[in-house]
Amino acid sequence: MTALPATLDDWLAHCERMHPISMDLSLERTVEVRRRLGLAFTMPLIVVAGTNGKGSTCAMLESIAMQAGYRVGLYQKPELVHFTERCRVDGRPVDADALLPHFDAVEQARGDITLTKFEFTTLAIARLLSLAPLDLVILEVGLGGRYDAVNAFDADCAVITSIDLDHTEFLGPDRESIGFEKAHVMRTGRPAIVGDPLPPASVIDHAREIGADLWLAGRDFRHDGDRQQWNWAGRGRRYNGLAFPALRGANQLLNASAALAAFESLRERLPITAQAVRTGLALVDLPGRFQVVPGQPALVLDVAHNPQSVAALALNLDAMGFYPRTRAVFGAMRDKDIAGALAKIRPLIDEWHVCALPTARAATADELAAVLGDTTPVHRHATPSEALRAALAASDPADRIVVFGSFYTVGGVLRDGLPRLSAPHAG
């Protein structure tokens with residue numbers, strides 16, 4: 001009998017080898033292994049799907065629930081640096097050793113069923129969370145919804161954030177197709193919170209078809225405000241004079257609004273105080289989402305990598321005020337709409353530092369440079385950290401550097417900790 005892997009890295013390598021393709025759009029194998037494991041959640045389960053805003057919404061749900069005194073488990077993805085970031089208990093990543101028995105259990109249960117790395121690791125993390133003494137579990141969907149491994153579990157509340165074009169080769173060519181895939185995380189008779197203010201008709205139609213308890217932004221919950229504070233109203237609750245969430249960016253109110261609707265929908269099982277809402281939103285933290293790092297020059301980190309999220313990043317950069325020059329460190333996957341993603345942000349960038357990334361899916365620095373053309377200076381680099389060093393060397397203290405694109409790009413500059421920039425020269 002072959003010895004089982006002994007470390008988390010060994011298990012991840014084992015998962016990579018097991019299934020010949022990384023993406024296998026089906027749910028049957030995951031559901032069968034879940035059944036064999038006897039894996040079920042006895043505590044309330046919130047599942048969060050969507051194109052953009054999933055990570056921020058999960059972070060707000062976690063932060064508010066923890067401030068209300070609940071013990072919270074969170075499965076989020078992908079990681080920026082370490083795999084263990086994917087599994088959080090009470091706001092902290094679990095130790096790698098804590099995951100090993102659950103990888104072992106999945107391996108024993110699967111028998112001759114092959115699982116993709118994503119399916120295998122989702123089951124292992126879900127098993128850890130289901131057996132932990134928790135009051136709430138939050139699972140972030142990866143790609144789509146209908147065939148995503150997270151959809152093997154029945155959500156007590158499903159949240160769908162903004163829907164836009166991404167992963168079109170798997171999910172379909174338009175928002176209606178993509179919305180249809182994401183709508184499948186909803187369950188009959190259970191709350192389905194749709195945070196997108198203009199959702200595709202396919203989402204609403206599917207909710208009605210299965211008899212979900214549909215909560216629509218602008219109908220069942222809404223928010224308004226000014227530059228100082230904002231207000232939220234749901235079906236039976238109101239919060240007035242809220243401070244803006246600690247996560248920066250105008251789009252975060254959409255995410256916060258959906259999170260508050262989720263809590264209202266679960267109020268019988270998971271009551272939340274107004275103070276927990278205020279403190280939770282004030283303390284929420286999520287690296288790599290319009291993260292502004294103090295220093296000279298200013299540094300902005302953002303995992304925006306599709307047209308909608310990069311357009312939001314451009315809007316947020318524009319609102320930051322004046323900087324003499326802005327340099328971009330950028331790396332992305334080859335299968336993304338790179339030209340479409342860059343359209344709104346290009347006018348804000350004075351100089352580009354494009355980089356290769358450590359995965360076969362990534363565009364090369366030469367491919368990225370070809371998309372950008374020669375209208376602004378473009379420099380090619382082997383790694384994100386090398387690109388950041390070059391951008392820093394070219395910058396004055398009053399300038400700004402924005403690192404964006406793939407999780408690998410932002411993760412690459414965070415590998416040795418949060419960079420604190422100090423430009424060596426002025427003028």
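Helix H8 spans residues 201–210 and has Ser202, Val203, Ile204, His206 and Ala207 as its buried residues; buried here is under 20% relative accessible area, exposed is over 50% and partly exposed lies in between, with a 1.4 Å probe and protein chains only. Helices (H or I, at least four residues) and strands (E, at least two) are DSSP runs, numbered from the N terminus. The cover over the buried residues of H8 includes strands E6 (157–160), E7 (191–194) and E8 (213–216), along with helix H7 (175–183), where contact means heavy atoms within 4.5 Å. Just past the end of H8 sits Gly211, with a positive phi of about 75 degrees.

All of this comes from a predicted model, in which local features need pLDDT of at least 70 and side-chain atom pairs count only at pLDDT 80 or more, while totals for chains, interfaces and linings use all residues. Residues are numbered from 1 along each chain as its sequence is written, and side-chain values use heavy atoms, with hydrogens and water left out.

On to the cysteines. The disulfide count is zero, taking a disulfide as a pair of cysteine sulfur atoms within 2.5 Å. Cys58 is in no disulfide, and its nearest cysteine sulfur, on Cys157, is 11 Å away. Cys157 is likewise in no disulfide, with the sulfur of Cys58 as the nearest one. Cys58 counts as buried because its relative accessibility is 0%, and Cys157 counts as buried because its value is 0%.

Arg86 belongs to the loop that runs between strands E2 (72–75) and E3 (87–89). With a relative accessibility of 14%, Arg86 counts as buried. Its side chain makes a polar contact of 2.5 Å with that of Glu79; such a contact is a pair of N or O atoms within 3.5 Å, where within protein one must be able to donate a hydrogen and the other to accept it, and residues adjacent in sequence count only if both atoms are side-chain atoms. Beyond its neighbours within four places in sequence, Arg86 touches Leu74, Tyr75, Gln76, Lys77, Pro78, Glu79, Phe118 and Ile125.

A cavity is a set of points on a 1 Å grid over the protein atoms alone where a 1.4 Å probe fits but cannot get out, and lining residues have an atom within 4 Å of a point. The largest cavity holds about 30 Å³, with His305, Phe330, Ala332, Lys336, Asp337, Ile338 and Ala341 around it as lining.

Terms used: On a 1 Å grid over the protein atoms alone, a cavity is a set of points where a 1.4 Å probe fits but cannot get out, and a pocket is an open set with protein on both sides within 12 Å along at least five of seven lines; lining residues have an atom within 4 Å of a point. Grid points are joined across faces, edges and corners, and a volume is the space filled by probe spheres set on the points.
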